[in-house]
Amino acid sequence: MADVIQPQLTTDDDSEGLAATSISPGKLAFKRYLNHKGAVVSAVLLAVMVLFVILSPLTARYGVNESVFPAVKDGPRNDFLTPRSIAWFGTDDIGRDIYSRLIHGLRVSLVIGLAAAVFSTVVGVTVGSVAGLKGGLFDDILMRITDVFLAFPFLVALLVTRSLLVGVEWLEPIVGKPSSVRFVIVLFVIFGWMGVARLVRGQILSLKEREFVEAARALGATNFRIVAKHLLPNSIGPILVALTTAVAGAIVGEATLSFFGYGPQPGAGQTSLGLLVSSSKQALLPGFWWLVIFPCGLLVLVTLCINFIGDGLRDATDPKLDIGGH
Amino acid sequence: MLRFVIRRLFWAVPTVLLVTFLVYVAIRLGTDPLASYLRINQRASPKKIQQYIEFNGLYEGAGGYVRGYFKWLGGFLSGDWPRSIKGTREVWPDFKYSMFNTLRLSGIATILGVSIGLSLGVFVALRPGSLRDSSVNTAAFVGLSIPPFVSALLLQMLFAVYWSRWFGESLFPTSGIYPPGHQGFDLVLMLKHLVLPVTVVAIQVIAVYTRYMRATLLEVLNSDYMRTARSKGISERRVLVRHALRNALIPVVTVAAIDIGAILGGLIITENVFSYPGLGKFFLDAYGTGDFPQLMPWMFFFTVLVILFNLLADVSYAWLDPRIRLG
């Protein structure tokens, strides 16, 4: 790794030597990312999966609720078929193709993951910046609230907040019905921002006394400009990593909620990874293994890929991690 | 040191009161105890309903919440707990039963998980970049990415459903702590029922601690005082045990204390999948019916536990790390 940033000492022309070695931070991070094999493989895998989802009219062989062939009385049965050529991953209790449903479900799960992660990061960065820069009472209150929330078991805090949101009628136009996808996203944003806020606050606290911030302030930069132009770009690495893990967290969170029957019911025309995994509970005892293996496998694969990408980003953006390791 | 502990303990009391009050308000607003009571007991007489409101302190209005909270707290602390709304059961015996089941499961899983995780972490940190390092690290990463209910489902499928198809009978039971209808105590049977749930919880604990121990030990091994210790001529073994491990364990202990919430969160899921009658199932059942008299003791218990363990983390950190000054 060190040889990448080492200046090439050329005797005849100093400026040329420097020009050859000036790698932008972005390029350097990219090179480091490529060194993490797991992260590269994961990025490719995830890209393939996303392509499958985007091209779902081409890749999905059947509609969400379409059975592989219409069930006819006294005809061949279409339910609980083992994997075969007309249904690569088998069919479920009413003859729907698991392979196609996984693609449709992954789309909803990815939307939940991305939306929850992006919104909670935006809220977290805003609150964390204000807390880190202003300090004082606001900072104290914020840290105590996050302490309490982060200490409680995830599911307990989620369920209690969920019932709080359900109880308030005037919130329904904003957060949607408890069974909607939007509601779950709102729920995850309510929890997700706190971790990011703590992280950003810590970053800003450690950066704001540095000389370059002082220099910017001396030049008359406003607080907003200092945060946006100097502090946040310097902590973009950890924020990106947190964003990535938040995507995986929201996807698993949706699956967990669905598993206990408190998840989104994305409607007749849709399904989600969580719903597919939770419906495998019933398939367990009769031994319909394909209804368990494929949804669970895809869920693990997606979270694993996203987590690996996060790990690669950490390696790529954290200058302290240069030695040893992967 | 003692002053620090006493001051923190002193502050813990108002924190507990404030947090439990907020939890009380959240539960009352969220689950609407009266509505769920009427839903379960549809033919309750007005007198019974009045009694329920009176006994639980479910007064109306903003002031009613404060009054109701203290009414509830008084009853809770004096051991005069209101009965559950479903079947008017006494709450404490059920709670105690669940608590001991959970303690058994989490105790075994945590001890196993932490010891295996820490040893693995040390084992791989000594050879960073080697094959065993990367394979263990990747395995831990995979372990972290598998949600507990997925690993529970897969284990159930393998060791119960398919095992019984291949070999006639299932290797491990998949639910409860005893087979239905079992009476009395049977250690072997109990342990058999514990194997799968303990595995599920332990996977997560092992993964977390392996990674954490590896990271902290690597950091310590690269520090200046390790060089100093070696240059003094101390044996490598002594350097490792007295200097490296002791310092690497400081942050691990702190994480262990704070992590209690995460471990219990994993327990709720695991217990539910295995129908294990512990505190997690107790909570989910109570939440499902909106059983206020069962929910509040549970939440109170957890709040106290979490605050206590946070306190423990701070104190142990201050005690273990001489660099920390107690202001």
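Predicted model: local features only at pLDDT ≥ 70, side-chain atom pairs only at ≥ 80, totals over all residues.
Helices in this description are DSSP runs of H or I with at least four residues, numbered from the N terminus. In that numbering, A:V160 is found in helix α8 of chain A.

Leaving out residues up to four places away in sequence, A:V160 touches B:A26, B:I27 and B:G30. Within its own chain, A:V160 and A:L81 are 79 residues apart along the sequence, and their C-alpha atoms are separated by 40 Å.

In total, 34 residues of chain A are in contact with 37 residues of chain B. On the side of chain A that touches chain B, at least two residues each come from α7 (136-151), α8 (154-167), α13 (236-259), α14 (273-284) and α15 (289-317). By class, the residues on this side of chain A comprise 23 nonpolar, 11 polar and no charged.

Chain A as a whole contains 15 helices and zero strands. Its C-alpha trace spans about 85 × 55 × 30 Å along the principal axes. Of its 326 residues, 43% count as buried. When contacts in chain A between residues at least 6 apart in sequence are considered, 69% of them join residues at least 24 apart.

The mean pLDDT of the chain is 82, and 90% of its residues reach 70 or more. Among the elements of chain A, helix α1 (residues 2-5) has the lowest mean pLDDT, 47, whereas α4(A) has the highest, 92. Over residues 1-17 of chain A, pLDDT stays under 50, and for this stretch the model has 14 contacts beyond four places in sequence.

Helix α4 of chain A also takes part in a helix pair that can be followed in detail. Two packed helices are described by the angle between their axes and the distance between the axes. Helix α4 (residues 37-54) of chain A and α15(A) pack at an angle of about 135°, with their axes 8 Å apart. The crossing of α4(A) and α15(A) is left-handed. From α4(A), the contact is made by A:G38, A:A39, A:S42, A:A43, A:L45, A:L46 and A:M49. From α15(A), the residues are A:V302, A:C305, A:I306, A:F308, A:I309, A:D311 and A:G312. Taken by class, this contact of α4(A) with α15(A) has 10 nonpolar, three polar and one charged residues. Helix α15 of chain A is also one of the elements that supply residues to the side touching chain B.

Turning to chain B, there are 13 helices and zero strands. Its C-alpha atoms fill a box of roughly 80 × 65 × 35 Å, taken along the principal axes. Of the 327 residues of chain B, 37% count as buried. Among contacts in chain B with a separation of 6 or more, residues 24 or more positions apart account for 73%.

B:V136 lies in helix α6 (residues 131-145) of chain B and is partly exposed, with 19 other C-beta atoms within 10 Å. Beyond its neighbours within four places in sequence, B:V136 is in contact with B:L120, B:V124 and B:T210. The C-alpha atoms of B:V136 and B:T254, 118 residues apart along the chain, are separated by 23 Å.

B:G61 is placed in helix α4 (residues 61-77) of chain B. With 9 other C-beta atoms within 10 Å, B:G61 is exposed. B:G61 and B:M226 are 165 residues apart along the chain, and their C-alpha atoms are separated by 63 Å.

B:S275, finally, is located in the loop between α11 (260-273) and α12 (279-289) of chain B. Its phi is near 45°, a positive value in a residue other than glycine. B:S275 has 12 C-beta neighbours inside 10 Å and so counts as exposed, since that class takes in residues with 12 or fewer.

Notes:
Residues numbered from 1 in each chain as written. Chains lettered and ligands numbered in written order. Contact = placed C-beta atoms within 7 Å. Nonpolar A, V, L, I, M, F, W, Y, C, P; charged D, E, K, R; others polar. Buried ≥ 20, exposed ≤ 12 C-beta atoms within 10 Å, placed from the backbone. Axes fitted to C-alpha atoms, helices over the stretch in contact; angles between N-to-C directions. Left-handed = near helix turned anticlockwise from the far one by under 90°. pLDDT = per-residue confidence, 0-100.
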